[in-house]
Amino acid sequence: MLEEFFSHSDEHPSGWGMAVLDGKESKWTDIEKEDIKASDSSYLKKKMEDEIVSGNMIAHIRRATIGSISPSNNHPFMRYDISGRRWILAHNGTIFHSEKLDVYREEQEGTTDSERILLYIVDRINRQSAKYRRALTFEERFAILDQIAVELSEGNKLNLIIYDGEYYYIHMNQEETLHVKKGSGSAVIATTPLDSEKWEEIPLNQLQVYRNGEVIRTGTQHAHTYIYEEEQYRDLFMAYADL
């Protein structure tokens with residue numbers, strides 16, 4: 001299925017990345033990235049000749065909107081919070097405006113809005129952990145991510161896959177842009193179906209939490225559906241061209 005996923009890189013030529021999060025395949029480190037089209041990568045092709053054994057994995061192919069083409073701008077992104085929990089994020093979307101994220105421009109390693117989303121999440125987690133003087137429970141982490149999903153999706157395209165080492169948090173706010181194939185104790189989530197088997201659309205405008213392939217929690221139902229407007233992207237590119 002990875003081969004089929006990476007075959008879509010002609011439409012997403014700005015780079016690739018993959019996080020093998022609990023793999024037994026020694027050829028893979030936790031996260032690997034390149035700033036070239038996946039189908040042109042001899043490195044990726046060589047590494048995928050061997051079987052990848054992992055219960056948790058996030059792969060991404062990038063079509064750049066905000067941020068230059070470089071490994072530091074490739075997904076997935078990773079950060080640790082102050083309790084030592086590792087957060088992994090991949091974002092298929094664009095943040096057109098958010099003052100809450102702008103403050104992280106100096107802190108981030110790359111220049112993408114997606115990396116700033118992760119920095120904002122971890123900052124919110126850290127502030128509440130410091131307030132409580134302990135690591136946050138799942139319910140406390142979920143409440144923060146649910147609030148962030150609602151607030152950032154207003155006026156923005158916010159398709160997210162986030163992994164905190166125990167749970168996957170999934171959010172989609174553009175129709176028919178994220179799908180899931182469920183198996184026995186497993187789930188594969190992708191922008192488009194990757195084979196002819198049964199895939200379902202991820203519920204719109206509501207954070208979903210997965211564990212062991214099952215939805216175990218759902219968030220606030222909101223009305224911030226993103227509708228593609230070409231002019232919006234044109235204005236965005238023009239703004240960046242003026243920098």
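**Notes on the predicted model**

1. Val 53 sits in the loop that runs between helix 2 (42–47) and strand 3 (57–61). The model is a predicted one. With a relative accessibility of 38%, Val 53 counts as partly exposed.

2. Three strands make up an open sheet, in the order 2-1-3, with antiparallel pairing. Strand 2 (31–34) and strand 3 are at the edges; each has a single partner strand, so one side of each is left without a neighbour in the sheet. From one strand to the next the twist averages 5 degrees. Strand 1 (residues 16–20) pairs with strand 2 in the antiparallel sense, over four bridges. Within this pairing, Trp 16 has Glu 34 in strand 2 as its bridge partner. In general, the strands of a sheet pair through backbone hydrogen bonds, parallel or antiparallel.

3. The count of aromatic pairs comes to seven. One of them is Phe 96 with Tyr 226, a stacked pair at 5.9 Å centre to centre, with 20 degrees between the planes. This pair links distant parts of the chain, 130 residues apart: Phe 96 is in the loop between strand 5 (86–94) and helix 3 (99–102), and Tyr 226 is in the loop between strand 12 (214–218) and helix 6 (230–241). Phe 96 is buried, because its relative accessible area of 17% is under 20%. Tyr 226 also counts as buried, at 6% relative accessibility.

4. Phe 138 and Phe 142 form a tilted pair, 6.1 Å centre to centre and with 35 degrees between the planes. Both are in helix 5 (residues 138–153); they are four residues apart, so about one helical turn separates them. Phe 138 counts as buried at 13% relative accessibility, and Phe 142 counts as buried at 4%.

5. Ring pairs join Phe 138 and Phe 142 with Trp 87, Tyr 167 and Tyr 169 in a cluster. Tyr 167 has a further contact: the charged end of Arg 211 sits over its ring, 4.9 Å from the centre.

6. There are 14 salt bridges in the structure. Among them is the one between the side chains of Arg 124 and Glu 151, at 3.8 Å from N to O. It links distant parts of the chain, with Arg 124 in helix 4 (residues 113–132) and Glu 151 in helix 5, 27 residues apart. Arg 124 is buried, with a relative accessible area of 14%, whereas Glu 151 is partly exposed at 25%.

7. Which residue forms a salt bridge with Asp 164? It is Arg 141, the closest N and O atoms being 3.0 Å apart. Arg 141 lies in helix 5 and Asp 164 in the loop between strand 6 (157–163) and strand 7 (168–171), so the pair ties together parts 23 residues apart in sequence. Arg 141 counts as buried at 3% relative accessibility, and Asp 164 counts as buried at 1%.

8. Arg 141 also forms a salt bridge with Glu 166, where the closest N and O atoms are 3.4 Å apart. Glu 166 lies in the loop between strand 6 and strand 7 and Arg 141 in helix 5, so this pair ties together parts 25 residues apart in sequence. Glu 166 is partly exposed, with a relative accessible area of 31%. Salt bridges with shared partners join Arg 85, Arg 141, Asp 164 and Glu 166 into one network.

Definitions and conventions
Residues numbered from 1 in each chain as written. Predicted model: local features only at pLDDT ≥ 70, side-chain atom pairs only at ≥ 80, totals over all residues. Heavy atoms only, no water. Helix = DSSP H or I, 4+ residues; strand = E, 2+ residues; numbered from the N terminus. Buried < 20%, exposed > 50% of the residue type's maximum accessible area, 1.4 Å probe, protein only. Pairing = 2+ DSSP bridges. Axes fitted to C-alpha atoms, helices over the stretch in contact; angles between N-to-C directions. Phe/Tyr/Trp six-rings, centres within 6.5 Å; stacked < 30°, edge-to-face > 60°. Lys NZ or Arg CZ within 6 Å of the ring centre and 35° of its normal. Salt bridge = Lys/Arg side-chain N within 4 Å of Asp/Glu carboxyl O.
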